[in-house]
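Let's read a protein model together, one feature at a time. Have the sequence and the 3D view ready.

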Amino acid sequence: MVFEHGMNCGFSGRNCMLASSAVLRRQQFLIRSLGGYSYHSHQTRMQEVKSMGGNNLEADAENILRAITPTLDPRKHKGQAGKVAVIGGCREYTGAPYFAAISALKIGADLSHVFCTKDAAPVIKGYSPELIVHPILEESYSVRDEDKRTISSKVLAEVDKWMERFDCLVVGPGLGRDPFLLDIVSEILKHARKSNVPIVVDGDGLFLVTSSLDLVSGYPLAVLTPNVNEYKRLVQNVLGCEVNDEDAHEQLLNLAKQIGGVTILRKGKSDLISDGETVKSVSIYGSPRRCGGQGDILSGSVAVFVSWARQLILASDGNFTSSPRNPTVLGCIAASALLRKAASLAFKNNKRSTLTGDIIECLGTSLEDICPVH
Ligand SMILES: NC(=O)C1=CN([C@@H]2O[C@H](COP(=O)(O)OP(=O)(O)OC[C@H]3O[C@@H](n4cnc5c(N)ncnc54)[C@H](O)[C@@H]3O)[C@@H](O)[C@H]2O)[C@@H](O)CC1
Ligand SMILES: Nc1ncnc2c1ncn2[C@@H]1O[C@H](COP(=O)(O)OP(=O)(O)OP(=O)(O)O)[C@@H](O)[C@H]1O
Ligand SMILES: [Mg+2]
């Protein structure tokens, strides 16, 4: 396990326990104070979904965000606030993996890696010295058929060296759809799953898993973050029907259930989140600008908040009693709330010229507004 907790948090024995129990008590208090999150009201709300078509499931997103965001403690060491990796970046797309990876850092992760193709790496490195960029992926055009097997094994061995150290992978932003590349990424997904590393699947990663559902099916630490097109393809493939906006909550619940309890964050006017057990929405006002790259910010943010929620739950020794209590659902709710707040602030400042970079610049202020550093 990558995240330390309890006695193994990297501080010396008793100090560590005192520090972490104080932090946990504060977070438990915040969790308890999440209005309406008792099991009873959860059951009631689920009945409401069924009887009313479910419009009454707005998450208490800001309280959830506050509850799962760790305190900044001088005794913590580098890495404890999270290490994430983005698998993506090819000849066409260098912006998407950069947006996802830099957003993770801006929110508070300690280390952010990008595994991309050789062509994309110098470009991504050029955007930021903060990112650790591995130029190891290959597309068909640069590989002879007879070399494919050797190259696949080399790539996998390289990713495996790092795998256990990551708290979460983001698979897909700017990955492209080259079949050889996607085969390698399928193997990376299998290895991540074996190592119990949470996986956020976005962009072209969703193109891959929609046609190979086994890669994520039944894996509770998988999060899918489809946009309108990606969701449509998932619904058609898995449920064999068209998207039904009248019964959006129920359909999403069903979809998540059919994929074995993965968590799905359906992006749109409101973000809808389900793990097949519960459905939540986040409708905080964001921005009317739909520039490309906002979903990439979201996938990097989900990775960080899922890592933090999981760390909190693992450290609580079974005493974590909020509902929803699934770390992937909590992480999605927090990430969605933060992105929307940041988008709203960026739009206030930049109006029609708002771009993804402007929103990234607002992540810190928006997080501080919700969850100030003491
Ligand atoms: N700067 C970059 O490098 C960016 C790269 N991106 C990457 O581009 C690749 C493809 O992602 P896409 O999001 O374009 O894939 P989609 O399958 O969502 O989009 C494909 C096409 O559908 C259209 N479309 C998108 N949203 C729509 C909507 N709401 N209603 C109707 N049509 C819509 C788009 O214009 C596009 O032509 C992914 O790898 C993604 O990560 C995007 O993340 C955007 C930013
Ligand atoms: N119609 C909308 N109204 C308000 N917010 C929206 C709307 N559509 C999307 N969003 C917000 O923008 C964020 C990104 O969603 P979007 O659908 O643009 O993702 P995407 O297409 O994957 O983006 P990317 O260009 O990064 O691939 C979502 O979290 C959502 O909150
Ligand atoms: Mg996208």
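Q: Which residues have the most contacts inside the largest nonpolar core?

A: A nonpolar core is a set of buried Ala, Val, Leu, Ile, Met, Phe, Trp, Tyr and Cys residues joined through C-beta atoms within 7 Å. Buried means that 20 or more other C-beta atoms lie within 10 Å of a residue's own; 12 or fewer makes it exposed, anything in between partly exposed, and C-beta atoms are placed from the backbone. In soluble globular proteins, nonpolar side chains tend to be buried together. Here the largest such core has 108 residues, and those with the most contacts inside it are I333 and A334. Helix 12 (residues 327-350) gives the most to this core, namely 14 residues. Helices (H or I, at least four residues) and strands (E, at least two) are DSSP runs numbered from the N terminus.

This is a predicted model, in which local features need pLDDT of at least 70 and side-chain atom pairs count only at pLDDT 80 or more, while totals for chains, interfaces and linings use all residues. Residues are numbered from 1 along each chain as its sequence is written, with chains lettered from A and ligands numbered from 1 in the order in which they are written.

Q: What is I333 in contact with, apart from its neighbours within four places in sequence?

A: Contact means that two C-beta atoms, placed from the backbone, lie within 7 Å. The partners of I333 are A59, A61, I64, I273, K280 and V282.

Q: Why is helix 8 described as largely enclosed?

A: Six of the eight residues of helix 8 (residues 204-211) are buried, so the rest of the structure largely encloses this helix. The buried ones are D204, G205, L206, L208, V209 and T210. Their cover includes strand 4 (168-171), helix 7 (179-194), strand 5 (199-201), strand 6 (222-224) and helix 9 (228-239).

Q: Where does D317 lie, and what is its phi?

A: Most residues other than glycine have a negative phi. D317 is not a glycine, yet has a positive phi of about 50°. D317 sits in the loop between helix 11 (294-315) and helix 12. With 10 other C-beta atoms within 10 Å, D317 is exposed.

Q: What about the phi of K351?

A: Phi of K351 is positive too, near 45°. K351 belongs to the loop between helix 12 and helix 13 (356-361), and counts as exposed with 11 C-beta neighbours inside 10 Å.
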